[in-house]
Amino acid sequence: MRTIKIWTLAGLLSASALLGTALAQKDEPEEPTAILNFLVVKDDNGKPIRSAAVIMHPVNSHGKQSRGGLELKTDADGKTSFEGVPYGTLRVQVLASGFQTFGEDYDIDKPKVDFTIKLKRPQGQYSIYQDHPAEKKDDKTPAPPDPNAKPQ
């Protein structure tokens, strides 16, 4: 009979401790979170990009991203979303096969944030040995000397 009283008392004490912890957690204000909606499209024609990886990393006050992160994939309409992102700086990177990598930091400070990310196709490598007709030459620049010209 005595052991039953001890176990009952121990059970009541542990239940009251758990109830106190639960009440203490309930009194703490919840950290605000946001819903993020992403739309990933092609820059040249605005068509959606399927299966693009949208990677999110929280960034601290020193500009360093935290370890880990979260990766989402876009659907056939180029859309993906995530709910429960805490307010603060967030680094967003988008990767898709056949497109340039996108990356930018955003301040999340509203309950709902919509992103439209336009990915560009890779650009050709610039070479000084190729003609670039789109570049205008300055008329004041003298022409280079002709290497076959005779000295005067």
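User: Which residue stands opposite Lys 79 in β4?

Analyst: Leu 39 stands opposite Lys 79. This is a predicted model, where local features need pLDDT of at least 70, side-chain atom pairs count only at pLDDT 80 or more, and totals for chains, interfaces and linings use all residues. Residues are numbered from 1 along each chain as its sequence is written, and side-chain values use heavy atoms, without hydrogens and water.

User: In which sense do β1 and β4 pair?

Analyst: Strands are DSSP runs (E, at least two residues), numbered from the N terminus. Two of them pair if DSSP finds at least two bridges between them. Strand β1 (residues 33-42) and strand β4 (residues 79-86) are antiparallel, with seven bridges. β1 also runs parallel to strand β7 (residues 112-119), joined by eight bridges. There, Val 40 has Ile 117 as its bridge partner.

User: How do I read an aromatic pair, and how many does the structure hold?

Analyst: A pair of aromatic rings is described by the distance of the centres and the angle of the planes. Rings of Phe, Tyr and Trp (its six-membered ring) pair if their centres lie within 6.5 Å; planes under 30 degrees apart are stacked, over 60 edge-to-face, the rest tilted. The structure holds two such pairs. Phe 38 and Phe 115 are stacked, at 4.8 Å centre to centre and 10 degrees between the planes. Phe 38 lies in β1 and Phe 115 in β7, so this pair ties together parts 77 residues apart in sequence. Tyr 106 and Phe 115 have centres 4.7 Å apart and planes at 65 degrees, so they are edge-to-face.

User: Is Phe 38 buried or exposed?

Analyst: Buried means under 20% relative accessible area, exposed over 50%, partly exposed in between (1.4 Å probe, protein chains only). Phe 38 is buried at 2%. Phe 115 is buried too, at 7%.

Terms used
Helices (H or I, at least four residues) and strands (E, at least two) are DSSP runs, numbered from the N terminus.
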